[in-house]
Amino acid sequence: MSTVTKINSLPDAIKLHNLNYTFQGSSLPVLSIPAWQVARNERVFLQGESGSGKSTLLGLLAGLQLPTLGEVEILGARMSALGAGKRDRFRAKHLGVVFQQFNLIPYLSALENVLLSAQFGTSDRRGARQRAIELLESVNLPSSLHDRKAAALSIGQQQRVAIVRALINEPSLLLVDEPTSALDHNNRDAFLALLFDMLADMDCAMVFVSHDPTIGRLFDTHVRLAELNQVGGQG
(Lines give C-alpha, C1' and ligand atoms only; values in the text may rest on other atoms or scores of the structure.)
Protein backbone atom coordinates (compact mmCIF):
# COMPACT_ATOMS: atom_id res chain seq x y z
CA MET A 1 0.00 0.00 0.00
CA SER A 2 1.40 3.37 -0.93
CA THR A 3 1.90 6.24 1.51
CA VAL A 4 -0.77 8.24 -0.31
CA THR A 5 -3.29 5.44 0.11
CA LYS A 6 -2.50 5.23 3.82
CA ILE A 7 -2.98 8.96 4.24
CA ASN A 8 -6.36 8.86 2.53
CA SER A 9 -7.66 5.84 4.43
CA LEU A 10 -6.61 6.49 8.04
CA PRO A 11 -8.54 9.01 10.13
CA ASP A 12 -5.89 10.07 12.61
CA ALA A 13 -3.52 12.95 11.98
CA ILE A 14 -1.31 11.77 14.87
CA LYS A 15 -1.05 8.45 16.65
CA LEU A 16 1.58 7.76 19.31
CA HIS A 17 2.11 4.30 20.76
CA ASN A 18 4.46 3.70 23.70
CA LEU A 19 6.59 6.67 22.67
CA ASN A 20 9.89 6.99 24.48
CA TYR A 21 12.64 9.47 23.65
CA THR A 22 16.03 9.68 25.36
CA PHE A 23 18.76 12.10 24.39
CA GLN A 24 21.97 10.46 23.21
CA GLY A 25 24.33 9.96 26.13
CA SER A 26 21.55 10.14 28.72
CA SER A 27 20.05 7.24 30.65
CA LEU A 28 16.81 9.02 31.48
CA PRO A 29 14.02 9.60 28.93
CA VAL A 30 12.72 13.10 28.32
CA LEU A 31 9.42 11.78 26.96
CA SER A 32 7.40 8.69 27.81
CA ILE A 33 3.89 8.85 26.33
CA PRO A 34 1.91 5.58 26.33
CA ALA A 35 -0.67 6.77 23.80
CA TRP A 36 -2.00 9.93 22.17
CA GLN A 37 -4.19 10.51 19.13
CA VAL A 38 -5.21 13.63 17.23
CA ALA A 39 -8.08 13.26 14.77
CA ARG A 40 -8.29 14.69 11.27
CA ASN A 41 -9.19 18.38 11.33
CA GLU A 42 -8.83 18.52 15.14
CA ARG A 43 -7.27 21.71 16.46
CA VAL A 44 -5.26 20.91 19.61
CA PHE A 45 -3.70 23.30 22.10
CA LEU A 46 -0.72 21.58 23.76
CA GLN A 47 0.28 23.36 26.95
CA GLY A 48 3.75 22.81 28.35
CA GLU A 49 6.14 24.74 30.55
CA SER A 50 9.72 25.47 29.56
CA GLY A 51 11.76 22.27 29.82
CA SER A 52 8.70 20.01 29.68
CA GLY A 53 9.73 18.34 26.40
CA LYS A 54 7.24 20.10 24.11
CA SER A 55 9.82 21.16 21.52
CA THR A 56 11.24 17.63 21.52
CA LEU A 57 7.75 16.25 20.94
CA LEU A 58 7.18 18.63 18.02
CA GLY A 59 10.48 17.49 16.52
CA LEU A 60 9.27 13.89 16.70
CA LEU A 61 5.91 14.78 15.15
CA ALA A 62 7.69 16.59 12.32
CA GLY A 63 10.00 13.64 11.70
CA LEU A 64 13.07 15.71 12.54
CA GLN A 65 13.92 13.13 15.20
CA LEU A 66 12.98 9.49 15.64
CA PRO A 67 11.73 7.90 18.86
CA THR A 68 14.10 5.82 20.95
CA LEU A 69 11.28 3.33 21.46
CA GLY A 70 7.69 3.09 20.29
CA GLU A 71 5.94 4.50 17.25
CA VAL A 72 5.03 7.89 15.86
CA GLU A 73 2.42 7.68 13.10
CA ILE A 74 1.65 10.83 11.17
CA LEU A 75 -1.28 10.66 8.73
CA GLY A 76 -0.94 6.89 8.78
CA ALA A 77 2.78 6.82 7.98
CA ARG A 78 5.25 5.39 10.53
CA MET A 79 8.11 7.85 10.84
CA SER A 80 10.61 5.18 11.88
CA ALA A 81 9.86 3.23 8.68
CA LEU A 82 10.93 6.16 6.49
CA GLY A 83 14.53 6.99 5.70
CA ALA A 84 15.78 10.53 6.23
CA GLY A 85 15.17 11.57 2.61
CA LYS A 86 11.65 10.15 2.56
CA ARG A 87 10.85 11.89 5.86
CA ASP A 88 12.02 15.19 4.35
CA ARG A 89 9.78 14.71 1.31
CA PHE A 90 6.87 13.59 3.46
CA ARG A 91 7.24 16.67 5.67
CA ALA A 92 7.40 18.99 2.68
CA LYS A 93 4.26 17.56 1.10
CA HIS A 94 2.06 16.88 4.11
CA LEU A 95 3.19 18.99 7.09
CA GLY A 96 3.39 22.70 7.79
CA VAL A 97 5.51 24.13 10.60
CA VAL A 98 5.43 27.62 12.15
CA PHE A 99 8.55 28.09 14.28
CA GLN A 100 8.84 30.21 17.41
CA GLN A 101 11.30 32.60 15.74
CA PHE A 102 9.66 32.15 12.30
CA ASN A 103 13.01 31.00 10.79
CA LEU A 104 12.63 33.05 7.62
CA ILE A 105 15.76 33.39 5.52
CA PRO A 106 16.61 37.06 6.11
CA TYR A 107 18.23 37.85 2.76
CA LEU A 108 15.37 36.34 0.72
CA SER A 109 12.23 38.28 -0.04
CA ALA A 110 8.84 37.46 1.44
CA LEU A 111 7.79 35.76 -1.79
CA GLU A 112 11.09 33.90 -2.15
CA ASN A 113 10.77 32.49 1.38
CA VAL A 114 7.36 31.08 0.51
CA LEU A 115 8.45 29.74 -2.88
CA LEU A 116 11.47 28.03 -1.35
CA SER A 117 9.09 25.98 0.79
CA ALA A 118 6.75 25.41 -2.16
CA GLN A 119 9.44 23.94 -4.38
CA PHE A 120 9.88 21.00 -2.00
CA GLY A 121 6.19 20.18 -2.05
CA THR A 122 5.12 20.65 -5.67
CA SER A 123 6.51 20.44 -9.18
CA ASP A 124 4.07 23.07 -10.46
CA ARG A 125 6.26 26.14 -10.01
CA ARG A 126 4.02 28.49 -11.97
CA GLY A 127 0.97 27.40 -9.97
CA ALA A 128 2.92 27.67 -6.72
CA ARG A 129 3.95 31.24 -7.47
CA GLN A 130 0.39 32.31 -8.18
CA ARG A 131 -0.87 30.57 -5.05
CA ALA A 132 1.90 32.18 -2.96
CA ILE A 133 0.93 35.63 -4.22
CA GLU A 134 -2.74 34.99 -3.50
CA LEU A 135 -2.00 33.72 0.02
CA LEU A 136 0.27 36.65 0.84
CA GLU A 137 -2.44 39.05 -0.28
CA SER A 138 -5.04 37.12 1.72
CA VAL A 139 -3.05 37.78 4.91
CA ASN A 140 -2.94 41.49 4.07
CA LEU A 141 0.63 41.56 2.85
CA PRO A 142 0.38 43.84 -0.21
CA SER A 143 2.26 43.20 -3.43
CA SER A 144 4.56 46.14 -2.64
CA LEU A 145 6.08 44.03 0.17
CA HIS A 146 6.40 40.71 -1.68
CA ASP A 147 9.90 41.55 -2.91
CA ARG A 148 11.09 43.08 0.35
CA LYS A 149 13.75 41.08 2.21
CA ALA A 150 12.45 39.24 5.26
CA ALA A 151 14.91 41.08 7.51
CA ALA A 152 13.32 44.40 6.50
CA LEU A 153 9.79 43.30 7.39
CA SER A 154 8.10 44.11 10.68
CA ILE A 155 7.46 41.30 13.18
CA GLY A 156 3.79 41.25 12.21
CA GLN A 157 4.68 41.01 8.53
CA GLN A 158 7.15 38.22 9.21
CA GLN A 159 4.39 36.34 11.05
CA ARG A 160 2.18 36.50 7.99
CA VAL A 161 4.94 35.25 5.73
CA ALA A 162 5.63 32.38 8.16
CA ILE A 163 1.96 31.34 8.11
CA VAL A 164 1.82 31.42 4.32
CA ARG A 165 5.07 29.47 4.06
CA ALA A 166 3.65 26.78 6.36
CA LEU A 167 0.39 26.53 4.40
CA ILE A 168 1.64 26.92 0.80
CA ASN A 169 1.67 23.15 0.20
CA GLU A 170 -1.84 22.68 1.68
CA PRO A 171 -0.65 20.45 4.54
CA SER A 172 -2.80 17.91 6.34
CA LEU A 173 -1.11 18.69 9.67
CA LEU A 174 0.13 22.05 10.95
CA LEU A 175 2.60 22.20 13.85
CA VAL A 176 2.94 25.58 15.56
CA ASP A 177 5.77 26.10 18.07
CA GLU A 178 4.90 28.93 20.47
CA PRO A 179 5.14 31.83 18.00
CA THR A 180 3.22 34.20 20.31
CA SER A 181 5.59 34.02 23.29
CA ALA A 182 7.23 37.40 22.57
CA LEU A 183 4.06 39.19 21.45
CA ASP A 184 1.89 41.58 23.40
CA HIS A 185 -1.77 40.75 23.97
CA ASN A 186 -3.13 42.56 20.90
CA ASN A 187 -0.53 41.17 18.49
CA ARG A 188 -1.00 37.68 19.93
CA ASP A 189 -4.76 37.80 19.35
CA ALA A 190 -4.27 39.18 15.84
CA PHE A 191 -1.87 36.34 15.01
CA LEU A 192 -4.29 33.70 16.30
CA ALA A 193 -7.26 35.22 14.48
CA LEU A 194 -5.28 35.22 11.24
CA LEU A 195 -4.16 31.63 11.73
CA PHE A 196 -7.70 30.36 12.36
CA ASP A 197 -9.03 32.34 9.40
CA MET A 198 -6.45 30.72 7.14
CA LEU A 199 -7.35 27.24 8.40
CA ALA A 200 -11.11 27.74 8.17
CA ASP A 201 -11.42 26.31 4.66
CA MET A 202 -8.55 23.84 4.86
CA ASP A 203 -8.66 20.12 5.59
CA CYS A 204 -5.90 20.41 8.16
CA ALA A 205 -5.32 19.33 11.75
CA MET A 206 -3.25 21.58 14.03
CA VAL A 207 -1.13 21.16 17.16
CA PHE A 208 -0.34 24.54 18.70
CA VAL A 209 2.25 24.50 21.48
CA SER A 210 2.42 27.22 24.13
CA HIS A 211 2.94 27.78 27.84
CA ASP A 212 0.09 30.33 27.92
CA PRO A 213 -3.09 28.57 29.14
CA THR A 214 -5.37 31.48 28.18
CA ILE A 215 -5.00 30.55 24.51
CA GLY A 216 -6.45 27.10 25.10
CA ARG A 217 -10.06 28.27 25.08
CA LEU A 218 -9.83 28.92 21.32
CA PHE A 219 -9.14 25.28 20.44
CA ASP A 220 -11.17 22.11 20.06
CA THR A 221 -8.97 20.32 22.57
CA HIS A 222 -6.72 21.55 25.38
CA VAL A 223 -4.03 19.04 26.41
CA ARG A 224 -1.39 19.46 29.11
CA LEU A 225 1.86 17.76 28.21
CA ALA A 226 2.45 16.98 31.90
CA GLU A 227 -0.64 14.74 31.76
CA LEU A 228 0.59 12.88 28.67
CA ASN A 229 4.22 12.55 29.62
CA GLN A 230 5.09 10.10 32.38
CA VAL A 231 8.52 11.60 33.00
CA GLY A 232 10.01 15.06 33.39
CA GLY A 233 12.81 16.39 31.27
CA GLN A 234 14.16 19.15 29.13
CA GLY A 235 12.80 20.12 25.75
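Me: How much space lies in the largest pocket?
Reply: About 460 Å³ in this predicted model.

Me: And which elements give two or more residues to the lining?
Reply: Those are α3 (84-94), β6 (95-98), α4 (110-118) and α6 (155-167).

Me: Which residues lie nearest the pocket's centre?
Reply: R91, F99, S117, F120 and R165 do, out of 19 lining residues.

Me: How do the lining residues divide into nonpolar, polar and charged?
Reply: You get 11 nonpolar, five polar and three charged.

Me: Where is L75, then?
Reply: L75 sits in the loop between β4 (69-74) and β5 (77-78).

Me: Is L75 buried or exposed?
Reply: L75 counts as buried, because its relative accessible area is 0% and the cut-off for buried is under 20%.

Me: What about N140, what's phi there?
Reply: N140 also isn't glycine, and its phi is a positive value near 65 degrees. N140 is in the loop between α5 and α6.

Me: Buried or exposed for N140?
Reply: Exposed, since N140 has a relative accessible area of 58% and the cut-off is over 50%.

Me: Last one: where's Q130?
Reply: Q130 is in helix α5 (residues 125-138). With a relative accessible area of 44%, Q130 is partly exposed.

Me: How far apart are Q130 and L115?
Reply: They're 15 residues apart in sequence and 10.0 Å apart in space, C-alpha to C-alpha.

Technical notes: Residues are numbered from 1 along each chain as its sequence is written. This is a predicted model: local features need pLDDT of at least 70, side-chain atom pairs count only at pLDDT 80 or more; totals for chains, interfaces and linings use all residues. Side-chain values use heavy atoms; hydrogens and water are left out. On a 1 Å grid over the protein atoms alone, a cavity is a set of points where a 1.4 Å probe fits but cannot get out, and a pocket is an open set with protein on both sides within 12 Å along at least five of seven lines; lining residues have an atom within 4 Å of a point. Grid points are joined across faces, edges and corners, and a volume is the space filled by probe spheres set on the points. Helices (H or I, at least four residues) and strands (E, at least two) are DSSP runs, numbered from the N terminus. Ala, Val, Leu, Ile, Met, Phe, Trp, Tyr, Cys and Pro count as nonpolar, Asp, Glu, Lys and Arg as charged, and the others, Gly among them, as polar. Buried means under 20% relative accessible area, exposed over 50%, partly exposed in between (1.4 Å probe, protein chains only).
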